[in-house]
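Come along while I jot down what I look up.

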Amino acid sequence: MSQTIVVKIGTSSLTTPDSGMLALSTIASLVEVLSQLRAQGNQVVLVSSGAVGVGCARLGLVERPKSMAKKQAVAAVGQGRLMRIYDDFFTALQQPIAQVLLTRGDLIQRNRYINVLHTFQELLKLDVIPIVNENDTVSVDELKFGDNDTLSALVASVVDADWLFLLTDVDRLYSADPRSNPNAQPITIVKNLDELAEVQTGSSGTQWGTGGMVTKIQAARIATGAGVRTVITQGRTPQNLSKILSGELIGTQFEPQPRPFNARQRWIAHGLVPTGQIYLDEGAVRAIRSSGRSLLAAGIVQIEGAFESQEAVKLCDRTGQEIARGIVNYSHDELEKIRGRQSDEIPEILGYAGEETVVHRDNLVLS
Ligand SMILES: Nc1ncnc2c1ncn2[C@@H]1O[C@H](COP(=O)(O)OP(=O)(O)O)[C@@H](O)[C@H]1O
Ligand SMILES: N[C@@H](CCC(=O)OP(=O)(O)O)C(=O)O
């Protein structure tokens, strides 16, 4: 059966730790495996880090640049080089590829999100393997994915993938960083992300990587929430991908949530970036979570964030636990005036006829 497979490979697997040079044999094996999966009829997307690492190696820099401008410049050097290597390897196997560079802003606006989705759909229809990276050279801090683990989970949500593989330099997730804790216990299956409350994720990754395990777990949360089975496994042995797809339990596997999101709901849940938080009383939480109702002003107890109407907000219970996300019909200032009040009081309070609902159920997705 044809499946949609997103594979993310991190800098720590693409380069050798000591010299920072490209790990050519790993890249060659990965290219072979992905080309095979494609030839078997699967749709394959590769999310590849490495622009900064490869750029550093090219320029003889011995550590990742700290300043934004330098990182952007170095990424511009590395990205072209990285694509050239991929194109050489994939071309040897007659597999066409494409470069897709994204910024966070590309997924926020509905029309740009749809454009991205359509481009992926066309590329996959043409049997191309898109190779995705953050558009580091133009990304600004406020609109950055920040790390490619998150980017790959969002891409998996956009293309409605069956699988997301996060390839890294450890063979799986452990109860603590195995580099610094010899007693760290391997974790094979994660049915619910709450099971990981005790897991220690140590510092923020290796010398060249960005996020470490923290961002991989966050990525697993996004992807499994979008119904994508997620696996953390060793990048050095890409052959394992085929074994995992045939049912072998290798690495750490995160089971997907059984939640059939449509494209618009996936955009609300993962494309949009929430700019505020609305706290609800118990009745409103129940109405939204159990009865699939819209949010009314009467159930709001507190509001945070300087959001405007039509922006995305998180809906939380009184303790701050997120229960849903949605597009809000009122700004923060308007909501401060109408929170806790009945819908038929709104026109008198605001002096104009607003929407009956604060977040309509069509614009609301459970977390
Ligand atoms: N609980 C944990 N289990 C496994 N690895 C961990 C854990 N906590 C931290 N790590 C570290 O995360 C590193 C991988 O992250 P990173 O360097 O960002 O990789 P990548 O470049 O593949 O994204 C590993 O080398 C490991 O030392
Ligand atoms: N866009 C950056 C990737 C940053 C990143 O997430 O790196 P990694 O932790 O190695 O996956 C680059 O290409 O260098």
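**Entry 1: a pair of valines.** I began with V47, and found it standing opposite V132 in β4. A note to myself before going on: this is a predicted model. The two strands here are β2, residues 43–48, and β4, residues 129–134, and they pair in the parallel sense over 2 bridges. I reminded myself that strands of a sheet pair through backbone hydrogen bonds, either parallel or antiparallel.

**Entry 2: the sheet around them.** Next I traced the strand order, which reads β3-β4-β2-β1-β5-β7-β8-β6. That makes an open sheet of 8 strands with mixed pairing. Which strands stand at the edges? I found β3 (97–102) and β6 (189–190) there; each has a single partner strand, so one side of each is left without a neighbour in the sheet. I also looked for a helix against this sheet, and helix α4 (residues 68–92) lies across β1 (4–9), β2, β3 and β4. Helix α4 runs at about 155 degrees to β3.

**Entry 3: the other sheet.** I then turned to an open sheet of 5 strands, in the order β10-β9-β11-β12-β13, again with mixed pairing. Its edge strands are β10 (300–304) and β13 (364–366), each pairing on one side only. From one strand to the next, I noted a twist that averages 25 degrees. Strand β12 (residues 322–327) pairs with β13 in the antiparallel sense, over 3 bridges. Here I picked out A324, which stands opposite L366 in β13. Helix α10 (residues 263–271) packs on this sheet and touches β12 and β13. The direction of α10 makes about 110 degrees with that of β12.

**Entry 4: ligand 2.** How many residues surround ligand 2? I have 15 in my notes, and the closest are K8, T11, S49, D136 and N148. I checked three of these for polar atoms. S49 has a side-chain N or O atom 2.6 Å from an oxygen atom of the ligand. D136 places a polar side-chain atom 2.7 Å from a nitrogen atom of ligand 2. With N148 it is a backbone N or O atom that lies 2.7 Å from a ligand oxygen atom.

**Entry 5: the record, and T215.** Is T215 buried or exposed? T215 is buried, because its relative accessible area is 10% and the cut-off for buried is under 20%. T215 is found in helix α8 (residues 212–225). Leaving aside neighbours within four places in sequence, I found T215 in contact with D147 and D149.

Key. Residues numbered from 1 in each chain as written. Chains lettered and ligands numbered in written order. Predicted model: local features only at pLDDT ≥ 70, side-chain atom pairs only at ≥ 80, totals over all residues. Heavy atoms only, no water. Helix = DSSP H or I, 4+ residues; strand = E, 2+ residues; numbered from the N terminus. Buried < 20%, exposed > 50% of the residue type's maximum accessible area, 1.4 Å probe, protein only. Contact = heavy atoms within 4.5 Å. Pairing = 2+ DSSP bridges. Axes fitted to C-alpha atoms, helices over the stretch in contact; angles between N-to-C directions. Near = heavy atom within 4 Å. Polar contact = N/O pair within 3.5 Å; in protein donor to acceptor, adjacent residues only side chain to side chain.
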